[in-house]
Amino acid sequence: MRDRLRGWGKRLRRMVRRRTAEEELREELAFHLEMESAHRAGEGLDPAAARRTARVAFGGTERFKEEVREVQRFRWVEDLRRDLRQAARSFRRTPGFTAAVVATLALGIGANTAIFSAVHGILLKPLPYHQPDRLVRLWETNQAAGIDRGPVAPGTFVDLRSRSRTLESVALYFTSPDWLVTVGETTREVPRAIVSPTLFDLLGIPPILGRGFLGETDSGSLPEETGQVIIGYGFWQREFGGRADVIGQTIHSEGNTPLEIVGVMPAGFDFPHGAQAWTPEAHGPTVGRVQRQFRYYGAVGRLRPDATLPEAQAEATAIARQLEADHPASNAGWGLRLESLHTSLVGDLRPMLWVMLAVVGGVLLIACGNVVNLMLARSAARQREVAVRAALGAERRHLFRHWLVEGALLATLGGVAGMALAAGLIRLLVRLAPDGLPRLDEVTLSLPVGLFTLGITTLTAVVAGLTPAWHARRPHRAGALRVGSADGGNPGQTTRAWLVGGEVALTLMLLATTALLLRSFIRLSEVPLGFQAGGVVTADVRFPSGRLQSENRRPWFELAQRYQRLVEELGSTPGLTTAAGISTLPLTDDGLETTVWRRDAPGAEGRRPPPSAHDQWLAEVHVVTPEYFRTMGIPVHSGRAFEPADRFPAEPFNDPTVPRPMGAAIINEAMARRHWPGQDPLGVQIVTFNGAIFAAAHEIVGVVGDVRSRAVAEPPRPAVYLPFAQLPRSDLSLVVRTAGSPSAVIPALAARLRDIDRDLVVSAIRPLDAVVGQAVSRPRFTLALAGAFAGLALLLAAVGIQGVIGYLVVRRTREIGVRTALGASRGDILRLVLGEGLRPVLLGILVGTAGALFLARGLAGLLFGIGPVDPVSLGLAIAVFTGTATIATLVPVMRALRVAPTEALRVE
Amino acid sequence: MSSSSHDVLRGTLDLLILKTLALEPQHGWAISQRIQQLSADALQVGQGSLYPALQRLEQRGWIDGAWRMMGPQRRARYYTLTGSGRRALATETSRWRAYVATVELILQT
């Protein structure tokens with residue numbers, strides 16, 4: 001073996017250094033000649049004569065130099081070149097065939113490349129941080145409240161940081177998407193994150209300019225008096241033109257706080273997602289009870305090199321137990337969950353992406369099936385040519401190689417076209433992808449994606465080339481050369497039939513998947529959202545605090561008044577029916593919940609929650625203006641909606657010494673069901689942590705219908721509505737109902753908002769339907785993708801079926817003609833044609849049904865309101881498929897039925 | 001060239017080269033001489049078949065060619081039998097004997 005390898009090595013060397021080999025050969029021959037002359041001279045000839053006779057005996061050197069060269073050369077390189085030339089020539093002769101094959105392969109390979117680039121960019125590629133596999137996301141959990149991934153309280157964070165031995169560092173972050181920043185004269189909204197100063201060190205990404213935040217002091221405060229800010233690359237480029245002297249410059253945040261720019265993060269740094277500015281926040285070693293109780297931070301940690309995630313989880317669980325014992329009021333019932341950061345970012349996309357990859361994989365297989373089918377049909381047509389070549393002495397392996405080369409050439413063309421297609425598809429995917437899909441910017445045609453494409457192209461080449469090659473293995477020499485052999489040979493007809501069977505099975509599986517997703521999507525769309533989105537326009541607005549007239553640092557009363565005026569004026573605008581505002585629009589809530597308790601719960605006092613965790617409830621708290629329920633069409637089940645009278649005078653807002661009055665509250669049915677099952681909650685006084693800023697408590701004055709506030713698929717959770725006039729804020733989502741088309745009133749509404757209050761910043765005006773659409777954009781995207789691919793699969797399979805049955809009819813034209821002449825009925829002919837052609841199709845349907853049931857189990861995570869085993873979806877898939885297959889067979893079958901006996905005899 | 005001397009049959013040349021090299025490493029001319037000598041001038045190895053054969057055997061890994069200095073300014077390409085060449089010689093030899101025996105058997109009838 002080693003000797004043989006060495007022989008190959010020499011051959012390679014020779015090929016690379018052809019010149020050297022030539023020279024060596026010349027030298028060797030010269031030496032031979034010399035020895036021969038010397039030998040002859042030794043036998044008595046004079047030297048000149050000896051050399052002459054030696055050369056004569058030697059013969060023409062060029063002749064066998066060529067022979068030696070022939071041996072030296074890589075024969076197969078020559079052969080390959082010849083085969084390629086032949087293949088290219090034959091493809092040029094049959095442009096239709098070539099185009100069909102290349103297009104089919106390009107579709108399959110392009111779709112796979114595009115989807116794989118998404119799988120790679122989102123799921124497989126490591127996160128762009130230092131040792132990303134050691135990064136974990138931390139959550140607080142509460143089984144009783146049904147929270148399995150909740151935000152973290154600063155108190156928990158501080159204790160975890162000091163007690164954990166498996167985490168080397170921990171950081172908190174909190175995103176506020178609409179932070180107003182003034183750079184020079186312009187004021188802009190910049191997504192900002194408030195973060196622990198350690199965050200950048202923890203992720204291992206230093207700023208490209210300037211420095212990170214200085215750490216916290218031991219007393220848990222930030223070392224510097226002046227505010228600091230680190231800005232994102234995009235912000236830097238946009239606002240400062242990428243100038244290096246940005247470090248040390250000052251920007252002004254809302255409320256006119258000057259912030260010194262100390263660093264610039266690199267392009268692509270996107271943590272937390274979307275942030276373009278980071279300000280530090282310290283949490284000291286000692287934390288008050290409030291900081292233990294109010295959980296609203298995101299938290300990440302880095303594992304020590306010697307610790308594993310399960311170890312860290314066990315430790316965190318133990319720490320959570322200690323905290324439960326130490327601080328029952330704030331921590332009873334709360335646990336900690338650790339999850340790899342990667343999983344927490346993209347975990348929920350995993351099922352969708354893998355299903356998509358499986359689906360496009362199926363499409364590629366079907367595409368391959370059709371290509372093999374075409375190649376077999378072609379090889380059947382060229383059977384005579386092949387037989388002639390075999391008879392003329394072409395070696396079998398040459399014919400074999402010839403088919404392989406044809407397959408490889410077609411696959412390469414398909415691969416190149418597919419890659420080009422993929423580049424377009426990826427752009428399309430990224431553009432159509434639902435908002436909020438993480439790591440979308442990493443979905444590109446990268447090297448690993450290229451390798452993947454190369455891999456599947458090679459596989460395709462082997463499949464596309466090998467099957468016809470396999471059939472060319474034993475050319476039916478005599479049979480094919482026989483005159484009148486239209487129904488003589490039958491290479492690959494069986495293979496083709498089974499190929500179609502396989503395609504049918506795969507197509508059915510894809511159709512069933514799409515049908516399931518479709519049914520699930522319909523179920524999702526039918527979910528009563530709890531409000532009437534039609535006819536409502538929504539606008540996100542805010543009053544930047546710098547633009548308020550109030551001298552007081554507590555502009556709350558002014559906000560309450562100005563917003564009240566705003567919604568009232570809007571409501572009386574011609575063309576608009578009602579107008580209102582809410583703190584967070586339905587379906588966009590981030591799921592933060594607030595602690596709520598009965599005012600008379602044991603131990604509760606003022607803003608202090610009751611000590612028993614059992615008495616502390618969690619609920620969404622929404623702040624709304626009076627007309628909200630009417631504008632949104634949310635039914636009031638008992639009691640009343642808010643009224644303009646649910647407001648406070650200026651004093652409670654601006655004067656902390658004034659005793660806080662009683663406010664009003666409206667709860668949803670979910671809350672009423674949970675805490676007052678079968679009872680009347682009206683009149684009960686509750687305290688919500690936020691609501692207790694200006695009010696002593698809120699008396700429940702009404703119960704309204706449930707609304708899907710976080711996601712369509714998430715059942716409603718307990719919610720408390722408080723009057724905006726009793727808990728004002730600077731930002732609000734306006735909802736405006738119009739009698740006409742929402743899109744049509746948008747420009748007028750924008751103008752009207754400006755007219756009413758010039759200080760208002762309006763960020764997003766859109767129909768509420770768009771918000772609803774956004775909420776289901778992910779399943780809709782999944783469905784659209786699956787549908788597109790299933791449609792493609794169906795088309796390919798139909799082409800395949802038609803091809804097989806069509807070929808069958810052509811092959812049997814004479815037989816059909818003869819049978820018709822002998823009096824066979826149309827039914828007989830149908831049975832003849834379809835009996836053979838449809839058997840694999842029927843078997844494919846059976847196998848596909850079984851496969852679809854199996855595949856559906858992987859879909860469970862993507863489905864809503866429907867089980868993976870769904871006879872309706874399956875029936876739908878079979879019906880669609882059968883319909884298409886029938887149409888596909890119609891053309892060849894009609895041809896068979898029209899065959900006239902005379903025509904049949906002319907077929908040769 | 002005497003009428004009793006023959007060109008070496010194509011298939012057997014490889015065998016003869018291997019056999020020659022089994023004794024000791026040799027260069028091309030010496031191989032042709034040795035075959036001629038051993039066959040008592042009955043066999044002539046044409047150079048036109050010798051060098052292609054050497055290339056072929058080298059590529060198969062049965063022999064290994066390398067330059068060796070023959071004097072201050074002269075060098076010759078010497079061929080050595082490799083391990084697999086030795087094994088090939090054994091199998092080729094027995095195959096040849098079997099072939100000859102078969103042919104002989106037929107000729108005796």
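Is the crossing of helix 26 of chain A and helix 28 of chain A left-handed or right-handed?

A: In this predicted model, the crossing of helix 26 of chain A and helix 28 of chain A is right-handed. Two packed helices are described by the angle between their axes and the distance between the axes. Helix 26 of chain A spans residues 777-811 and helix 28 of chain A spans residues 826-856; they pack at an angle of about 155 degrees, and their axes are 10 Å apart. Angles over 145 degrees count as roughly antiparallel, so helix 26 of chain A is roughly antiparallel to helix 28 of chain A.

From helix 26 of chain A, the contact involves A:I801, A:I805, A:L808, A:V809 and A:R811; these meet A:V833, A:L834, A:E836, A:G837, A:L838 and A:V841 of helix 28 of chain A. By type, the residues of this contact comprise 8 nonpolar, 1 polar and 2 charged.

Other parts of chain A also meet this region. A:N370, in helix 14 (residues 350-381) of chain A, has a side chain that reaches the backbone oxygen of A:L796 at 2.7 Å. Leaving aside neighbours within four places in sequence, A:N370 is in contact with A:T104, A:E503, A:L796, A:V799 and A:G800. A:N370 counts as buried because its relative accessibility is 5%, and buried means under 20%.

Helix 25 (residues 768-775) of chain A has A:L768, A:V771, A:V772 and A:G773 buried. Helix 26 of chain A is part of what covers these buried residues, as are strand 12 (536-542), helix 21 (628-632) and strand 22 (761-767) of chain A.

Helix 20 (residues 556-571) of chain A and helix 24 (residues 742-756) of chain A have axes that come within 10 Å and cross at roughly 135 degrees. Helix 20 of chain A and helix 24 of chain A are therefore oblique to each other. Their crossing is right-handed. Here A:R565, A:L566, A:E569 and A:L570 of helix 20 of chain A meet A:L749, A:R752, A:L753 and A:I756 of helix 24 of chain A. The residues of this contact divide into 5 nonpolar, no polar and 3 charged.

Two loop residues have a positive phi without being glycine. For A:L587, phi is near 70 degrees; this residue lies in the loop between strand 13 (576-582) and strand 14 (594-598) of chain A, and is buried, with a relative accessible area of 8%. For A:Q131, phi is near 40 degrees; its place is in the loop between helix 6 (95-124) and strand 1 (135-142) of chain A, and at 41% relative accessibility A:Q131 counts as partly exposed.

A cis peptide bond, with omega about -15 degrees, joins A:F271 and A:P272. A:P272 is found in the loop between strand 8 (258-264) and strand 9 (277-280) of chain A.

As for the chain overall, the secondary structure of chain A comes to 30 helices and 22 strands. Of the 908 residues in chain A, 50% are buried. Among contacts in chain A between residues at least 6 apart in sequence, 81% join residues at least 24 apart.

Notes. Residues numbered from 1 in each chain as written. Chains lettered and ligands numbered in written order. Predicted model: local features only at pLDDT ≥ 70, side-chain atom pairs only at ≥ 80, totals over all residues. Heavy atoms only, no water. Axes fitted to C-alpha atoms, helices over the stretch in contact; angles between N-to-C directions. Helix = DSSP H or I, 4+ residues; strand = E, 2+ residues; numbered from the N terminus. Parallel < 35°, antiparallel > 145°, perpendicular 65-115°, else oblique. Left-handed = near helix turned anticlockwise from the far one by under 90°. Contact = heavy atoms within 4.5 Å. Nonpolar A, V, L, I, M, F, W, Y, C, P; charged D, E, K, R; others polar. Buried < 20%, exposed > 50% of the residue type's maximum accessible area, 1.4 Å probe, protein only. Polar contact = N/O pair within 3.5 Å; in protein donor to acceptor, adjacent residues only side chain to side chain.
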